[in-house]
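Welcome! Let's take a short walk through a protein model, one stop at a time. Keep the picture open as you read.

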Amino acid sequence: MSLNTRAFTRASLVAALAMSGAAFAAGSHSGGHGHADEETAIGKPGVASKVTRTITIEMRDTMTYSPAEIQAKQGETIRFVVKNVGKVKHELSLGTEKELLEHLEQMKKFPDMEHDEPSKVTLAPGKSGTIIWQFTKAGDVNFACLMPSHYEAGMKGMVKVAKK
């Protein structure tokens, strides 16, 4: 193998490794937030056949949700139909305040991050998505848009879960 061929091979390998690392870092975000039937601090992914009601939530470019406060009962499974009625990308992430703030920091580093968690939906303008969630614990469950600067502009809401 000539010196030029070895140098080209080495440079190609370094470039391929660099690109795969960037793709992984900006790729999908998963892990630890309620996959399958795993219960979290805010409940667990719901089963469609157990949905007790459907709530439509609109995401707006005024950095608001409508409604921004929702009442639920412990044990209730709700289907959230989330609609982006704005002209920019928005998301709805369910979580504790701590989880949302941690995820906000990740989103600042990787703003094009894709989500595959059942407690999150990211939507392009004019698109709709669904989250089915069972609220197994009483208390407050936060939701927010963690796109860069949206949370800081006040794009957040709350599900108040009443004890059985």
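Please keep in mind throughout that the model is predicted. To find Thr136, look in the loop between β10 and β11. Which residues does Thr136 touch, once neighbours within four places in sequence are left aside? The contacts are Glu39, Gly43, Lys44, Gln74 and Gly75.

Now try another loop, the one between β11 and β12 (156-162), where you will find His150. Is His150 buried or exposed? With a relative accessibility of 9%, His150 counts as buried, because the value is under 20%. Leaving out residues up to four places away in sequence, His150 touches Met63, Val88, Lys89, His90, Cys145 and Met155. Take His90 from that list: His150 and His90 are 60 residues apart along the chain, while 8.2 Å separates their C-alpha atoms.

**The open sheet**

Next, step back to see how strands come together. Five of them form an open sheet, in the order β2-β10-β6-β3-β4, with mixed pairing. At the edges are β2 (44-45) and β4, each of which pairs on one side only. Inside the sheet order, β3 (residues 53-60) pairs with β6 in the parallel sense, over seven bridges. Here Ile55 stands opposite Phe80 in β6.

**Rings that meet**

How many aromatic pairs does a search of the whole structure find? The search finds two, and here they are:

| Pair | Centre to centre | Angle between planes | Arrangement |
|---|---|---|---|
| Tyr65 and Phe143 | 5.0 Å | 75° | edge-to-face |
| Phe80 and Phe135 | 6.1 Å | 85° | edge-to-face |

Why is the pair of Tyr65 and Phe143 called edge-to-face? Their planes are at 75°, and the term applies because that angle is over 60 degrees. Tyr65 lies in strand β4 (residues 64-66) and Phe143 in strand β11 (residues 139-144), so this pair ties together parts that are 78 residues apart in sequence. Both Tyr65 and Phe143 are buried.

What about Phe80 and Phe135? Phe80 belongs to strand β6 (residues 77-84), whereas Phe135 is in the loop between β10 (128-134) and β11, so the pair ties together parts that are 55 residues apart in sequence. Phe80 and Phe135 are both buried as well.

One more ring deserves a look. Lys156 lies over the face of Tyr151, at 4.1 Å from the ring centre.

**A helix with two sides**

Our last stop is helix α2, which covers residues 97-109 and so has 13 residues. From its first C-alpha to its last, α2 reaches 19 Å, close to the 18 Å expected at 1.5 Å a residue. Which residues of α2 are buried? They are Leu100, His103, Leu104 and Met107. Looking down the axis of α2, you would see these buried residues fall within an arc of 115°, so they line one face of the helix. On the other side of α2, Lys98 and Lys109 are exposed.

How values were computed: Residues numbered from 1 in each chain as written. Predicted model: local features only at pLDDT ≥ 70, side-chain atom pairs only at ≥ 80, totals over all residues. Heavy atoms only, no water. Helix = DSSP H or I, 4+ residues; strand = E, 2+ residues; numbered from the N terminus. Expected span 1.5 Å × (residues − 1). Buried < 20%, exposed > 50% of the residue type's maximum accessible area, 1.4 Å probe, protein only. Arc of directions from axis to C-beta. Phe/Tyr/Trp six-rings, centres within 6.5 Å; stacked < 30°, edge-to-face > 60°. Lys NZ or Arg CZ within 6 Å of the ring centre and 35° of its normal. Pairing = 2+ DSSP bridges. Contact = heavy atoms within 4.5 Å.
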